[in-house]
Amino acid sequence: MMKTVFFSAFLALVSSVALNIPMANAASVDEAKKAYAEREYDNPGVLKAQKAADLYGQLVSATADAKAKAQYLVRQSEALYFVGDASPAKATKLEKHNQGYLLADQAVKALGVKDVKAVTAAEIATLKSTLTPAQLNLLADALYHRGVNLGKWGSANGVASSLGKWPELRATMELIGKLGKDDVHSYGSYRTLGRAYAQLPSLLGGSTAKAEKYLQTGTSKTLAAGQVYSVNGYNNVYYAEVLKEVGKVAQAKTLLQGFIAANPATLNPALEPEVRRAQAEAKELLKSL
């Protein structure tokens with residue numbers, strides 16, 4: 001009996017080491033996931049997202065291995081993105097999105113990318129051959145959160161004031177494609193690039209044609225079963241905005257009406273708060289068509 005107990009304890013210790021999650025912190029992972037799952041776009045819900053960010057920050061500090069630490073950095077960046085996006089205060093948006101950008105950048109560097117704007121084809125091949133499939137997915141995840149936090153920081157800071165960051169944002173999102181991970185976050189790189197091209201003035205690099213192409217592709221590749229709308233709410237909203245801009249009003253209406261009628265709890269369960277918020281924005285956009 002004593003040998004069995006000792007062996008069970010030994011297995012638990014080995015498992016925690018293999019995952020590089022200290023046993024004392026194992027509960028914090030579940031607590032952080034739970035807090036983030038309870039996020040909402042109201043004060044209590046935002047506090048839940050901030051709690052998740054703080055807990056992931058503790059896990060970052062408790063984890064020695066850089067590649068293992070990257071997973072917590074990305075999740076902390078994700079939680080801070082939500083806090084910044086949900087906040088009405090410009091100063092808070094700038095602070096949280098900048099923090100999220102820097103944390104995701106740490107993860108990107110830990111996984112082998114030192115400068116997103118200067119990655120060679122040979123370096124990309126090396127990343128694909130040396131990183132495990134899980135690590136490669138995590139790198140794409142890190143790049144996505146690096147980029148979306150940078151993009152939201154730029155929106156809060158003002159397009160004209162943030163124009164110098166556009167090449168970095170574009171390079172970050174394009175690198176996801178070069179790694180063969182376009183589908184990460186429901187074609188999140190396409191959604192981000194499409195949104196950026198739509199918002200930038202044409203004289204400063206904006207392009208409605210490029211915006212439409214990116215958003216059409218991202219939406220069409222992530223359609224809900226048998227539907228004309230994407231499982232990602234903001235693929236739909238951003239694409240409909242561009243369709244309105246180019247005069248394809250009937251198509252925009254069809255897209256929005258279908259998306260608004262969808263059940264957010266089943267359309268994308270992991271992103272239910274975001275889907276509900278996107279549906280509210282879709283209703284307002286539909287009124288303008």
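The charged end of R39 sits over the ring of Y36, at 4.1 Å from its centre, where a charge counts as over a ring if NZ of Lys or CZ of Arg is within 6 Å of the ring centre and within 35 degrees of the ring normal. The model is predicted, so that local features need pLDDT of at least 70 and side-chain atom pairs count only at pLDDT 80 or more, while totals for chains, interfaces and linings use all residues. Residues are numbered from 1 along each chain as its sequence is written, and side-chain values use heavy atoms, with hydrogens and water left out.

The structure holds 6 aromatic pairs, two of which are tabulated here; rings of Phe, Tyr and Trp (its six-membered ring) pair if their centres lie within 6.5 Å, and planes under 30 degrees apart count as stacked, over 60 as edge-to-face and the rest as tilted.

| Pair | Centre to centre | Angle between planes | Class |
|---|---|---|---|
| Y197 and Y214 | 6.0 Å | 5° | stacked |
| Y234 and Y238 | 5.4 Å | 40° | tilted |

Y197 lies in helix 10 (residues 184-199) and Y214 in helix 11 (residues 208-220), so this pair ties together parts that are 17 residues apart in sequence; helices are DSSP runs (H or I, at least four residues), numbered from the N terminus. Y197 is buried at 6% relative accessibility, whereas Y214 is partly exposed at 21%, given that buried means under 20% relative accessible area, exposed over 50% and partly exposed in between (1.4 Å probe, protein chains only). Ring pairs also link Y197 and Y214 with W166, Y187 and Y190 into a cluster.

Y234 and Y238 are 4 residues apart in helix 12, about one helical turn, and Y234 is buried at 12%, as is Y238 at 13%.

Definitions and conventions. Helices (H or I, at least four residues) and strands (E, at least two) are DSSP runs, numbered from the N terminus.
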